[in-house]
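Here is a briefing on helix packing. Look over the sequence and the model first.

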Amino acid sequence: CSYEWLAMLDEYMGDRYRDLLNAPDIDRRILKQNQRAWLRQRADCGGRVSCVARSYTQRLEELDRYGY
């Protein structure tokens, strides 16, 4: 990624997602479905950096709602 801060967001997203997959009392099936939907939505941004950044921010907020 030519934008270091986007690469950092991507790394943080991956860490947060893996943590949730390993958390107790998480419906992993729903978590995975939502992640796949988010990946499709992020891909729709194409190369628009502001769209990609907004997508990451929104998804991280969603993951934070899991409470872990």
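Is the crossing of helix 1 and helix 3 left-handed or right-handed? The crossing of helix 1 and helix 3 is left-handed. A crossing is left-handed if the near helix is turned anticlockwise from the far one by less than a right angle, and right-handed if clockwise.

This is a predicted model: local features need pLDDT of at least 70, side-chain atom pairs count only at pLDDT 80 or more, and totals for chains, interfaces and linings use all residues. Residues are numbered from 1 along each chain as its sequence is written, and side-chain values use heavy atoms, with hydrogens and water left out.

- Helices here are DSSP runs (H or I, at least four residues; strands are E, at least two), numbered from the N terminus.
- Helix 1 covers residues 4-21, 18 residues in total. Its first and last C-alpha are 26 Å apart, close to the 26 Å expected at 1.5 Å a residue.
- Helix 3 has 16 residues and reaches 23 Å between its end C-alphas, close to the 22 Å expected.
- The expected span is 1.5 Å times one less than the number of residues.

**Buried faces**

- Buried means under 20% relative accessible area, exposed over 50%, and partly exposed in between (1.4 Å probe, protein chains only).
- In helix 1, the buried residues are Leu6, Met13, Gly14, Arg16, Tyr17, Leu20 and Leu21. They pack against helix 2 (28-43) and helix 3 (49-64).
- In helix 3, the buried residues are Cys51, Val52, Ala53, Ser55, Tyr56, Arg59, Leu60 and Leu63. They pack against helix 1 and helix 2.

**Helix 1 with helix 3**

- The two axes come within 11 Å and cross at roughly 25°. That makes helix 1 roughly parallel to helix 3.
- On the helix 1 side, the contact uses Trp5, Leu6, Leu9, Asp10, Tyr12, Met13, Arg16, Tyr17 and Leu20. On the helix 3 side, it uses Val49, Val52, Ala53, Tyr56, Arg59, Leu60, Leu63 and Asp64.
- By class, the residues of this contact are 13 nonpolar, no polar and four charged.
- Contact means heavy atoms within 4.5 Å.
- Axes are lines fitted to C-alpha atoms, for helices over the stretch in contact, with angles from 0 to 180 degrees between N-to-C directions.
- Angles under 35 degrees count as roughly parallel, over 145 as roughly antiparallel, 65 to 115 as roughly perpendicular and the rest as oblique.

**Helix 2 with helix 3**

- The axes of helix 2 and helix 3 come within 10 Å and cross at roughly 165°. The pair is therefore roughly antiparallel.
- The crossing of helix 2 and helix 3 is right-handed.
- Leu31, Asn34, Gln35, Trp38, Gln41 and Arg42 of helix 2 meet Val52, Ser55, Tyr56, Arg59 and Leu63 of helix 3.
- This contact has five nonpolar, four polar and two charged residues.
- Ala, Val, Leu, Ile, Met, Phe, Trp, Tyr, Cys and Pro count as nonpolar, Asp, Glu, Lys and Arg as charged, and the others, Gly among them, as polar.

**Single residues**

- Ser55 lies in helix 3 and is buried, at 0% relative accessible area. Beyond four places in sequence, Ser55 touches Trp38, Gln41 and Arg42.
- Arg59 is also in helix 3, and counts as buried at 2% relative accessibility. Leaving aside neighbours within four places, Arg59 contacts Met13, Leu31, Asn34, Gln35 and Trp38.
- Leu20 lies in helix 1 and counts as buried at 0% relative accessibility. Leu20 and Asp64 are 44 residues apart in sequence and 9.6 Å apart in space, C-alpha to C-alpha.
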